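Here is a short briefing to read with the model open beside you. It starts with the contact between two chains and then turns to the fold of one of them.

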Amino acid sequence: MATLNVNPDAHPESTTVDGAIHNDTAAATWATIHDASEGQYVSPSETTLYAARLESDADTKYPTMVRSIFLFDVSALPAGATITGVTVGFYGTAVSDGFGSQSLSLVGSTPASDTNVVVGDYDQFGTTKYASDIAFTSLATSQYNIFTMNAAGISYVETAVAADGIVKLGLRLACDVANSAPGGASKVTNFQCYASDNGSNEPYLEITYTPATVDYTMEVTKGEYTLTGVNTEQTKALNIIVSVGQYTLTGINVGLSRGYEIITEATAYVLTGVNIEMTKALNLITEATAYTLTGIDVVLTKGWQMVVSTGSYILTTFSSLFSGFWQYKDEHTSTYTQPSKNTASYTEKTKNTSSWSFKNKINA
Amino acid sequence: MAVALTKIDSFVENLAEKKIDLSGAALTVALTNTAHTATWDELADLTQVNYDNCSSRVLTVSTSAQTSGTYKLVLADLTLTATGAVGPFRYIYIYDDDSTGDKLIAYYDYGSAVTLASGDTFKIDFDASNGALTIA
């Protein structure tokens with residue numbers, strides 16, 4: 001919960017004003033003094049106002065009636081705020097009720113200017129009460145007399161907030177609002193209060209409100225991770241299944257090790273490094289162009305079975321080593337033979353044993 | 001304008017060393033107003049805001065799977081609702097609350113500090129199609 005407390009501008013006014021309009025008409029009837037279109041003088045820059053006053057003479061005529069205007073700038077209220085309450089306070093400096101049983105009413109006003117009070121504003125007061133009347137028996141000096149706005153008053157403030165932010169109020173005697181002459185000769189009922197020009201204890205309007213809630217939305221995009229490093233390794237896979245173009249492992253040491261079964265499709269692996277090793281695969285099944293091994297040392301070791309189709313291995317190295325195979329099946333010929341000879345020499349280790357050893361030196 | 005995910009340097013190592021499980025039910029959001037330092041690795045490295053007035057920060061994993069060798073993590077949108085003041089915060093981190101040390105995963109920079117008042121909301125709008133992050 002938050003509050004906004006504002007006062008009318010002191011002279012020289014910028015957006016708001018407070019002041020009284022006096023009608024002094026000797027021996028005026030009630031109708032004359034009540035229905036007059038203008039007063040005789042105004043007090044827009046005094047430190048104390050006759051906020052509401054009525055006098056009767058010896059002949060029960062009403063030579064004096066005073067009404068007062070108070071404007072409040074509430075444009076500082078945050079947008080979207082929900083108003084939960086409004087109070088308006090006037091610091092009493094003089095209170096008297098000669099007529100008896102009188103009350104003070106808070107109503108709306110429509111002055112010609114937001115920054116000045118003129119005699120023509122005398123008849124610019126409404127009759128809708130924006131708070132409960134305060135009886136003169138309850139009005140006090142040396143303290144604020146506070147009106148708590150009713151629903152009509154809050155609605156009036158909300159309308160002003162939505163418009164130009166200026167709440168325009170006025171004080172009148174309740175009998176003035178009701179257009180009901182109180183009767184009695186030589187009587188005075190009067191309420192005076194500090195005006196904005198006093199600099200302290202000024203008239204105020206306070207709004208209690210709940211600020212608007214704010215909804216933030218942060219739309220986020222995906223992040224991507226790519227594995228590239230000095231050591232790029234995928235280890236201990238029981239089953240690595242890849243499709244075309246899946247892995248690009250680039251590093252000084254590139255290893256695929258201990259796969260029980262490594263099944264690749266065309267161009268699935270591109271291993272480029274100083275040392276490239278595929279070890280201990282129980283079953284290496286590749287298709288065409290599945291492996292491109294380029295390095296100083298390229299090793300395929302200890303495969304129980306290596307089934308390749310045409311063009312599956314391209315080994316370009318200083319030395320390439322196939323070792324420890326039971327047999328080498330050429331898918332193209334569907335025969336099991338020892339690796340075929342290249343232009344370089346090879347060494348056949350043993351025949352009819354559980355392993356073959358083949359060493360191939362390729363011209364650089 | 002959409003906010004990009006910023007990687008935590010240590011995340012890739014922590015992921016490779018099984019210290020982070022992206023499929024778990026403990027991916028959580030943390031809020032801080034302090035700019036990121038590259039060496040940050042755990043939740044304790046952050047100066048977090050007070051969460052007394054903040055709703056649940058736990059993320060929901062929609063999918064955690066790979067397709068054709070590219071892993072994608074899809075997270076459901078998360079809306080934080082304040083019941084009082086929350087913040088200020090500018091950076092929104094994701095971490096694995098189940099990991100030892102609450103390892104950091106990534107973060108977002110909202111661009112300016114946000115302070116939520118009671119009733120305010122802050123929604124993290126993830127891409128339901130492309131995911132929060134991919135690993136290829």
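What is the area buried between chain B and chain A, and what percentage of it do carbon and sulfur atoms give? In this predicted model, the two chains bury about 2200 Å², and carbon and sulfur atoms give 55% of that. Buried area here is the accessible area (1.4 Å probe) that two parts lose on being put together, summed over both.

**The interface**

- Chain B brings 36 residues to the contact and chain A brings 18 residues, with contact meaning heavy atoms within 4.5 Å.
- B:Lys7, B:Asp125 and B:Thr134 supply 20% of the area that chain B buries against chain A, more than any other three residues.
- There are 0 salt bridges between chain B and chain A (a side-chain nitrogen of Lys or Arg within 4 Å of a carboxyl oxygen of Asp or Glu).
- Polar contacts number 10 residue pairs across this interface, with both residues at pLDDT 80 or more; each is a pair of N or O atoms within 3.5 Å, where within protein one must be able to donate a hydrogen and the other to accept it, and residues adjacent in sequence count only if both atoms are side-chain atoms.
- The largest share of the side of chain B that touches chain A comes from E8(B), with 6 residues.
- That side of chain B has 21 nonpolar, 10 polar and 5 charged residues; Ala, Val, Leu, Ile, Met, Phe, Trp, Tyr, Cys and Pro count as nonpolar, Asp, Glu, Lys and Arg as charged, and the others, Gly among them, as polar.

**Strand pairing**

- Strand E14 (residues 215-221) of chain A pairs with E1(B) in the parallel sense over 2 bridges, and two strands pair if DSSP finds at least two bridges between them.
- Within that pairing, A:Thr221 stands opposite B:Ala4.
- Chain B also holds an open antiparallel sheet of 4 strands, in the order E2-E8-E7-E3.
- Strands E2 (6-7) and E3 (27-32) of chain B each have a single partner strand, so one side of each is left without a neighbour in the sheet.
- E3(B) is joined by 6 bridges to strand E7 (residues 86-96) of chain B, where B:Asp96 is the bridge partner of B:Leu27.

**Chain B overall**

- Chain B has 1 helix and 10 strands, taken as DSSP runs numbered from the N terminus (helices H or I, at least four residues; strands E, at least two).
- Of its 136 residues, 45% count as buried, meaning under 20% relative accessible area (1.4 Å probe, protein chains only).

**Conventions**

- Residues are numbered from 1 along each chain as its sequence is written, and chains are lettered from A and ligands numbered from 1 in the order in which they are written.
- Local features need pLDDT of at least 70, side-chain atom pairs count only at pLDDT 80 or more, and totals for chains, interfaces and linings use all residues, while side-chain values use heavy atoms, leaving out hydrogens and water.

Key
Buried < 20%, exposed > 50% of the residue type's maximum accessible area, 1.4 Å probe, protein only.
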